[in-house]
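Me: Could you walk me through reading a few features of a structure? I would like the general idea each time, and then the case at hand.

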Amino acid sequence: MRRLRIGILDLVTKSPNPSLYGRIMNANLASIMPQVIGVWCEQEGHDVTLVCYTGLEDLLVELPRDLDVLFIGAFTQSAQLAYALSNLFRQRGAVTVLGGPHARCYPEDARKYFDYVLGFTDRTVVSEMLRDCEPHRPYGAHLSAASQPVGLPTLRERWKFTEATVAKAPTIKIIPMIGSLGCPYTCSFCIDSTVDYQPLGFEDLRDDLAFLLTKVKNPIVGWHDPNFGVRFDDYMEAVEAAVPPGRMRHIAESSLSLLSEPHLKRLRENGFQAILPGIESWYDLGNKSKTRRTGMDKVTQVADHVNMILRYIPYIQTNFVLGLDGDNGNEPFELTKKFIDLAPGAFPAYSLLSAFGRAAPMNLDYQRTGRVLPFPFHFLNNNHAMNVRPKNYSWPEFYKHLVDVTRYSFSWKAIARRIPATPTMIPKWMNVVRAVSSEGFGRIRYHETILGLLDTDRSVRRFMEGETTQLPEFYASRIRRELGPAYNYLPEGALEHDPNAYLHATTEPGLAQLTRPLVH
Ligand code: B12
Ligand code: SF4
């Protein structure tokens with residue numbers, strides 16, 4: 001097989017103007033899989049250029065013009081950017097391949113703009129794709145492994161890609177690491193609820209950690225495991241065997257149920273500095289935080305738990321989903337404000353209820369009841385649009401509460417209370433930067449704008465009520481502005497998608513046939 005010139009693009013962001021927080025952090029949010037694909041392509045004998053797009057690079061310059069193949073890893077929020085780039089590189093003669101969350105969630109749509117759309121991706125899928133390597137137009141080939149890969153290349157193998165990406169982070173530098181795929185729990189809103197839990201091998205993990213210490217003095221490791229610490233003792237033993245005390249810091253997403261006091265003690269001893277548990281809601285999704293309580297009972301229980309965590313781990317981000325069907329009236333929002341008062345050290349992160357295509361079984365229910373809106377993918381990042389009409393709120397009611405709780409969470413009073421409630425310098429500083437940047441003040445401004453438009457702009461209100469699919473100018477002009485030069489390469493029709501494609505594929509046999517991946 002001839003030696004191919006392969007480009008790999010990791011789209012960490014969707015537009016060329018990162019916020020202050022984005023400038024500091026984007027390179028730290030890079031994905032592992034594009035680096036993995038880089039290793040596999042080189043092992044197949046090809047030349048690889050990998051670019052992690054943090055919003056500061058000129059993509060039209062950084063990627064070689066004469067690529068044979070371009071892989072793009074994209075979240076749904078970067079789909080339109082990915083579609084535009086695919087179009088440009090196809091015009092230049094490349095075969096294009098999409099992988100990552102967008103490809104897993106919206107394969108029906110992505111096939112219109114890419115030659116290959118990859119679901120679960122292992123080395124066999126990549127080498128089969130490279131052997132075939134043909135333009136597939138007008139519909140790309142949808143390939144998937146039968147399950148998640150049983151192993152991934154080690155950090156040593158992907159180091160040259162990791163190092164180049166982390167070098168882009170100006171101050172804090174986080175090394176991405178993963179020890180498991182899937183999850184044993186079955187929260188119906190989650191992409192991993194149907195993916196079996198599978199550790200990737202604790203011996204490799206130990207080697208990766210030991211290798212990292214030879215490359216970076218006091219590294220910070222960011223764990224990408226969907227639910228870190230399911231096999232808690234195995235993880236801790238791997239860390240303890242490879243890392244002398246005090247030599248490494250860690251950040252992980254973990255469910256509250258795994259964060260018992262004995263576990264927290266061991267996490268502290270092993271240098272865990274930041275933890276991101278999901279609380280989700282005071283009424284819904286209790287299975288994730290493993291609490292049967294609801295309402296104020298749950299608030300006090302979770303606040304006590306979070307305060308206990310802060311005695312061991314200096315930084316905690318608590319994740320909430322707003323707009324769930326279990327929420328009704330003022331109370332859920334008032335309870336969140338109580339939580340902010342009772343656990344002042346936690347940094348709250350709010351996600352608007354979003355149905356990402358095929359991501360979760362629950363999305364079929366939203367689609368069946370006609371509640372999913374065709375917001376362009378560019379806005380689907382849990383913040384810039386909520387693509388499920390709320391069950392128990394009118395839009396103005398919902399946005400009024402959203403603005404109120406966001407203002408409360410990032411008021412000067414809450415920002416000031418967070419400072420003494422977090423024990424060490426970096427967390428104090430991070431919380432202030434995040435609050436005054438796009439995640440706090442920026443969100444308040446954005447949600448206030450939408451609330452205002454719901455009142456003054458009929459086109460926005462009608463679109464959000466599902467009365468029209470005509471995209472309001474507010475959103476259309478925002479995409480034009482945010483995509484910058486890439487907007488000119490957006491293929492025709494690429495701003496629209498069928499929000500019920502998942503449902504249609506399950507109910508229309510012809511369609512199901514067309515979109516079923518070729519599983520090896
Ligand atoms: C770790 C994680 C993060 C980390 C690391 C992100 C990163 N760059 O990878 C952080 C905390 C930074 C993060 C941020 C965000 N995240 Co996140 N995150 C996850 C999480 C928990 C695990 C993903 C993971 O790495 N799995 C391990 C990998 C190996 O497996 P995989 O993702 O299934 O990938 C397989 C295939 O898709 C494929 N593949 C993956 N990437 C690529 C790339 C190429 C080129 C190819 C060919 C194949 C390929 O190969 C893998 C093996 O089969 C998932 C939830 C979950 N449980 O999956 C959410 C998830 C991916 N995140 C999500 C979201 C919405 C976000 C944010 C927008 C949240 C926010 N508002 O800030 C941001 C966006 C960041 C960005 N880069 O754009 C959504 C994505 C939905 C979507 N369709 O876009 C998910 C699914 C959670 C959810 N809400 O359901 N996230
Ligand atoms: S515990 Fe977390 S990762 Fe596991 S299924 Fe639930 S939400 Fe998904």
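Me: Let's start with contacts: which residues does N381 touch, leaving out those up to four places away in sequence?

Reply: The general idea is to look for heavy atoms within 4.5 Å of each other. Keep in mind that this is a predicted model. Here N381 touches K14 and Q77 once residues up to four places away in sequence are set aside. N381 itself sits in the loop between helix 15 (362–368) and helix 16 (395–409).

Me: Is N381 buried or exposed?

Reply: The cut-off for buried is under 20% relative accessible area. N381 has 16% relative accessibility, so it counts as buried. Its side chain also reaches the backbone nitrogen of N383, at 3.0 Å.

Me: What does the backbone of N381 lie 2.9 Å from?

Reply: For polar contacts, check pairs of N or O atoms within 3.5 Å. In this case a polar backbone atom of N381 is 2.9 Å from a nitrogen atom of ligand 1. Ligand 1 has other such pairs: a polar side-chain atom of Q148 lies 2.5 Å from one of its oxygen atoms, and a backbone N or O atom of G100 is 3.5 Å from a nitrogen atom of the ligand.

Me: How many residues are around ligand 1, and which come nearest?

Reply: There are 34, and L29, S31, R104, Q148 and D192 come nearest. Sorting the shell by class gives 18 nonpolar, 13 polar and 3 charged residues.

Me: Now the cysteines. How many disulfides does the structure hold?

Reply: A disulfide is a covalent bond between the sulfur atoms of two cysteines. This structure holds 0 disulfides.

Me: Last one: how do I read the span of helix 13?

Reply: Compare the distance from the first C-alpha to the last with what 1.5 Å a residue would give. Helix 13 (residues 295–312) has 18 residues and reaches 26 Å, close to the expected 26 Å. Its buried residues include G295, V302, L310 and Y312.

Key: Residues numbered from 1 in each chain as written. Chains lettered and ligands numbered in written order. Predicted model: local features only at pLDDT ≥ 70, side-chain atom pairs only at ≥ 80, totals over all residues. Heavy atoms only, no water. Near = heavy atom within 4 Å. Polar contact = N/O pair within 3.5 Å; in protein donor to acceptor, adjacent residues only side chain to side chain. Nonpolar A, V, L, I, M, F, W, Y, C, P; charged D, E, K, R; others polar. Helix = DSSP H or I, 4+ residues; strand = E, 2+ residues; numbered from the N terminus. Buried < 20%, exposed > 50% of the residue type's maximum accessible area, 1.4 Å probe, protein only. Disulfide = S-S within 2.5 Å. Expected span 1.5 Å × (residues − 1).
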